[in-house]
Amino acid sequence: MKFFLDTANLEELKSGARWGIIDGVTTNPSLIAKEGVALEEQIRRICEIIDGDISAEVVAVKADEMLEQGRRLARIHKNVVVKVPLTRDGIRACSILSQEGIRVNVTLCFSAGQALLAAKAGAYFVSPFVGRLDDIGANGMDLIREIVQIYRNYGFNTQVLAASLRNTTHVIEAAKAGAHVGTLPYKVVDALFDHPLTDKGLDQFMKDYARAFQTTSAAI
Ligand code: E4P
């Protein structure tokens, strides 16, 4: 399972990059707006920090505008994946951009039927939103399972990018469901490291060794 960071914050990206486990980044217009730097410039900066797929979302509702913006975004860096919404215009833009060799992430996917449309349009990624479905009382993880099964049935190459993951249980369940990618807020990746028995065990190892040899790690 690939791990993407779901943020446009450069400090979070630099910090996450140090772990050596981040395979890419997803952004959306809301995340870009939070950073206060215009889309293309912020994507350029992100590409300098993370060497992996960087999803950059068009800020448009009409296919023609999506195509124009998508082509511009794709020219920023070879790692840019153009993100378009799962609308009629978005699917049309996805088909055309994909035929031009531009990789596309179709976002705001909330049903298996929509995911079929994205795959048929040649999407590189489809982004089903788990947390936002849970927010309205539906089961977001069921959607991940359905899409993984349907794509397997037909051998679609589109990768399932589990998005809107809000906690570590979401990540584990998405992995069990076979999602190719999980995009995680920084705090969710950070929380994956934590286990009280890891802390307790490490503390014990340090104490036992120091007691036996009356030394510090600097003197080993
Ligand atoms: C990423 O591609 C999505 O835009 C993001 O995961 C949405 O997450 P949210 O529902 O927590 O805003």
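First, the ground rules. This is a predicted model, where local features need pLDDT of at least 70 and side-chain atom pairs count only at pLDDT 80 or more, while totals for chains, interfaces and linings use all residues. Residues are numbered from 1 along each chain as its sequence is written, and side-chain values use heavy atoms, with hydrogens and water left out.

The overall picture, then. The protein chain has eleven helices and eight strands. Helices (H or I, at least four residues) and strands (E, at least two) are DSSP runs, numbered from the N terminus. The C-alpha trace spans about 70 × 35 × 30 Å along its principal axes. Of the 220 residues, 45% count as buried. Buried means under 20% relative accessible area, exposed means over 50%, and partly exposed is in between, with a 1.4 Å probe and protein chains only. The chain exposes about 11600 Å², of which carbon and sulfur atoms supply 52%. Those areas come from the Shrake-Rupley method with a 1.4 Å probe, and for residues only the protein chains shown count as cover. Among contacts with a separation of 6 or more, 57% are between residues 24 or more positions apart; contact means heavy atoms within 4.5 Å.

Now the ligand. Which residues surround the ligand? They are Asp6, Thr26, Asn28, Lys83, Phe129, Arg132, Ala163, Ser164 and Arg166, the criterion being a heavy atom within 4 Å. Three of these side chains deserve a look. Asparagine 28 has a polar side-chain atom 2.7 Å from a ligand oxygen, and serine 164 also places a polar side-chain atom 2.7 Å from an oxygen atom of the ligand. For arginine 166 the corresponding distance to a ligand oxygen is 2.9 Å. Taken alone the ligand exposes 340 Å², and the protein buries 85% of that. The cut-off for a polar contact is a pair of N or O atoms within 3.5 Å; within protein, one must be able to donate a hydrogen and the other to accept it, and residues adjacent in sequence count only if both atoms are side-chain atoms.

Stay with serine 164 for its backbone. It sits in the loop between strand S7 (159–162) and helix H9 (168–177). Serine 164 has a positive phi of about 60° although it is not a glycine. Most residues other than glycine have a negative phi. At 9% relative accessibility, serine 164 counts as buried.

Leucine 108 is another case. Its phi is near 60°, again a positive value in a residue other than glycine. Leucine 108 lies in strand S5 (residues 104–109). Is leucine 108 buried or partly exposed? With a relative accessible area of 33%, leucine 108 is partly exposed.

Leucine 108 is also one of the residues touched by serine 127, in a list that leaves out residues up to four places away in sequence and includes Asn105, Cys109 and Ala163. Serine 127 belongs to strand S6 (residues 125–128) and is buried, with a relative accessible area of 2%. The side chains of serine 127 and asparagine 105 are joined by a polar contact of 2.8 Å.

Aspartate 53, in strand S3 (residues 53–57), counts as buried at 12% relative accessibility. Beyond its neighbours within four places in sequence, aspartate 53 is in contact with residues including Phe4, Asp23, Arg103 and Tyr124.

On to the helices. In H1 (residues 10–17), Leu10, Leu13, Ser15 and Gly16 are buried. The buried residues of H1 pack against strand S1 (2–6), strand S2 (24–26), helix H3 (39–49) and helix H10 (186–192). At the start of H1, a side-chain oxygen of asparagine 9 reaches to within 3.1 Å of the backbone nitrogen of glutamate 11.

In helix H5 (residues 88–99) we find isoleucine 96, which counts as partly exposed at 22% relative accessibility. Isoleucine 96 touches Leu67 and Arg71, not counting residues up to four places away in sequence. Isoleucine 96 and leucine 67 are 29 residues apart in sequence and 7.9 Å apart in space, C-alpha to C-alpha.

That is the tour; I will take questions now.
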